[in-house]
Amino acid sequence: MTSRILISHAGRDRAWAEWARWHLETAGYTTELDGVDWAPGTNAVEAMDEALRRDNPMLVLLSSAYLDPERLTTDAWTARLAQRRRDPDAKLIPLRIENVDLHSGLWAPIVVPDVFGLSPDEAATILIDAVRRVIDPPPAGTLPTVPPSYPDRTVPAVSGGPRPPGSLPAVWNLARRNPGFTGRDEMLNRLHASLRGGSRVAVQALHGMGGVGKTQLALEYAHRFAGEYDLIWWIPAEQPELIGDHLATLAQKLRLVPAGAVTPDSVEALWDRLRRTDRWLLLFDNAENRDQLAPWLPDGPGHLLITSRDPNWTGVAQAVDVDVFARSESTGLLHKHLPNVSDADADRLAEALGDLPLAVGQAVDLLAETRLPIDTYLHDLGTHAADLMGEGRPPNGYPLPLAATVTLSAGRLCAADPAAGELLYLCARLGPEPVPPDLFTARPDLLPAPLQESARRPVAFGRVMAQLGRYGLARLTDSGPVLHRLVQAVLRDADVDAAGHREVVEELLSAAKPDNGSHPRWWPRWTVLLPHILAADPAATTNLSLRVTANAAVWHLMARGEYGTALPLAEQFYEEWKARFGPDEDSTLISANTLALVYRSVGRYEQARELDQDSLARERRLHGDDHRNTLVSASNLAAVLHELGEYERARDLDQDTLVRRRRLLGDDHNDTLTSARNLAGDLFMLGEYERARELDEDTLARRRRVLGDDHPYTLSSAGGLAADLHALGESERACELEVDTLARRRRVLGDDHPDTRRSAVNLAWGLDTLGRHAEADELRRKFPSET
């Protein structure tokens, strides 16, 4: 029995692999396409290794992509060449499918036939002949052993195999293939598999925001897989009233109706032909409305491809979301056209451009023409993105630069739906992440008039959001609309009511601030809001509420243990607000306290002390000794004195603060309990273990009652009490408390949180004191020291 022929190819060359498979199978051979015939979930590396171990002939389709040393295909062909050195019977059948140089390197001494640039019959004959020189022909009585013929046709054929990729059918009207097209191999192959998967008309709708390359993707698909079709026709669909004329032209091209026939008769004749034939592909480009296009879609066993900004194709087509480039695709395009750009600069460019294909293409064109340094371009992009995206000619295949594309679409949206237009410009002032719909629906009273009524009705607001997707200005996700950062930059520059929209966004974000940044149950909400708070530029705002909200966001990062993220934000807010509003202004003093806390958390105690001393002096002068802000500053200063080993000064300040807070706020207020815990810590370090235990026991009981057993503050008190118990010789009870505290912190905060790791260290030490060294060592293995 003849072994299966392994067809090894690059993903970009799937059409060639399918062409070879069809002809080989028709000639009676059995084949295996790497990556195609493997079940979902298969480990591709292991499957390739197994295929190479079997006594399989290997058909290699050589192209620049296949020979790219970064691709896994390199492992496949080099492995087979190595096998041939050990065993001359290891079968290798190379074919060159494009004009790639093989005159040097490992391929130089190997005879490699060409199958590109030939007629269909010639290419198929060379393929079969190359295989038969290595493998015996299949036994007589199997499938035909001669390749099918491909006579020239002027109308679609009912049957017949694929022509070599790149050979267009007799009837087609495609634009020229974009020589700069790169990437998207996986998406194109998925699209190909989906279109071939049905028995009736296969309809795929490529949708996405403007600039992601939907039209270019459809054009590349048509050219790449043209050999599988006998008819390919491109139909501009942005004006539904003209679609019938385009179809009538096709009917006349196929000689189905006489010249001058009326459009309805021409379309009906075309529909009749397409119902009775296969191997045809119709492409409807830039369709704006599902319901307007649906009557023009034919039935039959062919393929339909639609491009649209509208994601809603329910009942008409299978929607395929076309997103921005993968990072490797962006950098690949940059390297292709800017060969001297470094990997690091290519990555920086791709990141700044948000991997948007149109933006990457424009950057390539401008940089290739001007030879600007990358840093200069990135600086201009950061300060004048709209201008930069509006300059020069668009890259090949795009009708307009990004800025013009965005402003035209935004203008049409505002004219058609003023409420959606207002929503668009509000979203442009938020972050390039999903915008939670309840940011708007929770406070409709803060919204511009056209949007208020819709925001009060969930279904109506959902329809307004859908308009952003329909016009290709946002991606719609389950978490809310997402605007690309460059689209946002263009919209912000074009906004005629910039001040009004900025003010609304600031009020919405302030109103959406969660009650507490320290409790883990609020962390998911903070995670959603944080990129939008930062996008509103709180460092520069005059809105006090937004500054308070931004400071609370830094507190949230601190509570999560994300000190590295919190520190630069805290420093930026403090310096900006101090410069703009003075050192005595409320938000400046709040940010000073927050920055001092971050400094203390990262071990920069002297800087924390300097800030805390200054803040306390200012608060006492401005508000008096008993004001809540003054007591916050006093508590913070005591905490840093404790870290600096000045325990008596810390104790005296904490004692005074606790007395004042009990009198002003009551015994159960969170600020009071914080002072009690801090004072207990001071007493512990001064050796007053019994007093510390009494205070910690009372504080823990109150926090459990007020905050619950799992609150981080409650667990802090539990940890303090455990330390007291150890010092008093009650190590068994201390370890029981530490075991419970560690379990709760792991569940609530996660294993990587600093408080969790601190609990693990304390528990391991306690276990050692009890002689339970094996348990202590196991805990240290789970939570290795970071020092």
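Trp296 touches Pro240, Ile243, Gly244, Leu247, Val267, Trp271 and Phe284, leaving aside residues up to four places away in sequence; contact means heavy atoms within 4.5 Å. The model is predicted, so local features need pLDDT of at least 70 and side-chain atom pairs count only at pLDDT 80 or more, while totals for chains, interfaces and linings use all residues. Residues are numbered from 1 along each chain as its sequence is written, and side-chain values use heavy atoms, with hydrogens and water left out.

Trp296 is found in the loop between helix H9 (290-293) and strand S9 (303-308). Helices (H or I, at least four residues) and strands (E, at least two) are DSSP runs, numbered from the N terminus. Trp296 and Gly244 are 52 residues apart along the chain, and their C-alpha atoms are separated by 7.4 Å.

Two residues are compared below by exposure. Buried means under 20% relative accessible area, exposed over 50%, and partly exposed in between (1.4 Å probe, protein chains only).

| Residue | Relative accessible area | Class |
|---|---|---|
| Trp296 | 24% | partly exposed |
| Leu544 | 38% | partly exposed |

Leu544 lies in helix H23 (residues 544-559). Together with Val548 and Ile590, Leu544 makes a nonpolar surface patch of about 190 Å².

Helix H6 (residues 214-224) is largely enclosed by the rest of the structure, because 10 of its 11 residues are buried. Among the buried residues of H6 are Lys214, Glu220, Tyr221 and Arg224. The cover over the buried residues of H6 includes helix H1 (14-26), helix H5 (185-195), strand S6 (202-207), strand S7 (231-236), strand S8 (280-285) and S9.

Conventions. Patch = residues over 30% accessible without salt bridge, like charges linked within 9 Å, V, L, I, M, F, W, Y side chains within 5 Å. Areas by Shrake-Rupley, 256 points an atom, 1.4 Å probe, with all protein chains shown as cover. Salt bridge = Lys/Arg side-chain N within 4 Å of Asp/Glu carboxyl O.
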